[in-house]
Amino acid sequence: MRRVVISDEPISAEVALAGLSDLGGGAVSSFTGISRDDGGVTAIELEHYPGMTESSLMRLIDEAFTRWALLGAAIVHRIGRVAVGEPVVVVGAASRHRADALEATAFLIDRLKTDAPFWKKEHYADGRSVWVDAKSSDDDRSSRWA
Amino acid sequence: MRLVYFAAVREAIGVASETCDLPTHVRTIDDMIDLLAGQSPGHALAFQDKARLRFALDQAMVPLDAALCDAHELAIFPPVTGG
């Protein structure tokens, strides 16, 4: 099972990970990223590059399958306006034993951060909005998997 | 060639996409950025710092010095910030 979903509706970990526990393995690992209240942020807004987004996420899943013994993997990502406290992204992986699923999950979210064409804008209570700058710490984490 | 812009680049230029005929001297993305920067104050603002830009040719990430060849679509955008 290889699942990529881009959603302009609220997402949930339960729906995003559905089926991963039914693949005959002994492990399902997941990561959920949540819109965070960073100094007065009320919502974030996500823009993406339709077409390239889906293909780049599926390519990450395909690469994870070549690196680890996986039974399934899923990436579900929100676009549009996401209120603080709501999930932005859910990444999950299933495997026979835990190490493969755990490492694949870290790989998928680390590489998504630097490879997938999404852009995040923060909206503040006073009406200001600011595009988020890419972080060098994200580059460092992503390059661990090179 | 179709040009597509995202995030702060799109906002600075004021449109999400446009088309452009390629002059013969324009061979790489770098050449193309120099050409586009002269089109309007918004283009100049969007493209003032090439080191802060990323590029995709026909939806595959490429560096600034990549040749345009016969690509149909060039996307220009800031470093990505998803997740």
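In chain B, buried residues make up 29% of the 83 residues, where a residue counts as buried if 20 or more other C-beta atoms lie within 10 Å of its own, as exposed if 12 or fewer do, and as partly exposed in between, with the C-beta atoms placed from the backbone. The model is a predicted one, in which local features need pLDDT of at least 70 and side-chain atom pairs count only at pLDDT 80 or more, while totals for chains, interfaces and linings use all residues. Residues are numbered from 1 along each chain as its sequence is written, and chains are lettered from A and ligands numbered from 1 in the order in which they are written.

## The two chains side by side

The table sets out values for each chain; its contact row uses pairs whose C-beta atoms, placed from the backbone, lie within 7 Å.

| Item | Chain A | Chain B |
|---|---|---|
| Buried residues | 37% of 146 residues | 29% of 83 residues |
| Helices and strands | 4 helices, 8 strands | 3 helices, 5 strands |
| Span along the principal axes (C-alpha) | about 50 × 30 × 30 Å | roughly 35 × 30 × 20 Å |
| Contacts at least 24 apart, among those at least 6 apart | 78% | 52% |

Helices (H or I, at least four residues) and strands (E, at least two) are DSSP runs, numbered from the N terminus.

## Chain B

Read along the sequence, chain B follows the pattern β-α-β-α-α-β-β-β. Its radius of gyration is 12 Å, close to the 12 Å that the globule rule gives for 83 residues, so chain B is as compact as a globular protein of that length; this radius is taken over C-alpha atoms, and the rule is 2.2 Å times the number of residues to the power 0.38.

Strand β1(B), residues 2-5, pairs with strand β2(B), residues 17-19, in the antiparallel sense over 3 bridges, and two strands are said to pair if DSSP finds at least two bridges between them. Within this pairing, Val4(B) has Ser17(B) as its bridge partner. Strand β1(B) also pairs with β5(B), here in the parallel sense and over 4 bridges, and Leu3(B) has Leu74(B) of β5(B) as its bridge partner.

In helix α2(B), which takes in residues 29-37, the residues Ile29(B), Met32(B) and Leu36(B) are buried. They cover an arc of only 55° around the axis, which puts them on the same side of α2(B); the arc is that of the directions from the helix axis to the C-beta atoms. An α-helix has 3.6 residues a turn, so residues three or four places apart point the same way. The cover over the buried residues of α2(B) includes α3 (41-46), β3 (54-57), β4 (60-62) and β5 (73-77) of chain B.

## Chain A

From the N terminus on, the elements of chain A run β-α-β-β-α-β-β-β-α-β-β-α. The radius of gyration of chain A is 15 Å, close to the 15 Å that the globule rule gives for 146 residues, so chain A is as compact as a globular protein of that length.

An open sheet of 4 strands in chain A has the order β1-β4-β6-β2, with mixed pairing. Strands β1 (2-7) and β2 (27-34) of chain A stand at the edges, each with a single partner strand, so one side of each is left without a neighbour in the sheet. The twist averages 5° from one strand to the next. Strand β4(A), residues 70-78, is joined to β6(A) by 7 bridges, and these two strands run antiparallel; Ile75(A) stands opposite Val91(A) of β6(A).

Two helices lie across strands of chain A. Helix α2(A) lies across β1, β4 and β6 of chain A and runs at about 155° to β1(A), whereas α3(A) lies across β2, β4 and β6 of chain A and runs at about 150° to β6(A). For these angles, axes are lines fitted to C-alpha atoms, for helices over the stretch in contact, and angles run from 0 to 180 degrees between N-to-C directions.

Ser136(A) is found in helix α4(A), residues 136-143, and is exposed, with 8 other C-beta atoms within 10 Å. The C-alpha atoms of Ser136(A) and Thr114(A), 22 residues apart along the chain, are separated by 9.9 Å.

## Where the chains meet

The contact between the chains takes 22 residues from chain A and 13 residues from chain B. On the side of chain A that touches chain B, the elements that give two or more residues are β3 (41-48), α2 (52-67), β6 (87-95), α3 (98-115) and β7 (118-124) of chain A. Among these, α3(A) gives the most, with 4 residues. The residues of this side of chain A divide into 14 nonpolar, 5 polar and 3 charged, where Ala, Val, Leu, Ile, Met, Phe, Trp, Tyr, Cys and Pro count as nonpolar, Asp, Glu, Lys and Arg as charged, and the others, Gly among them, as polar.
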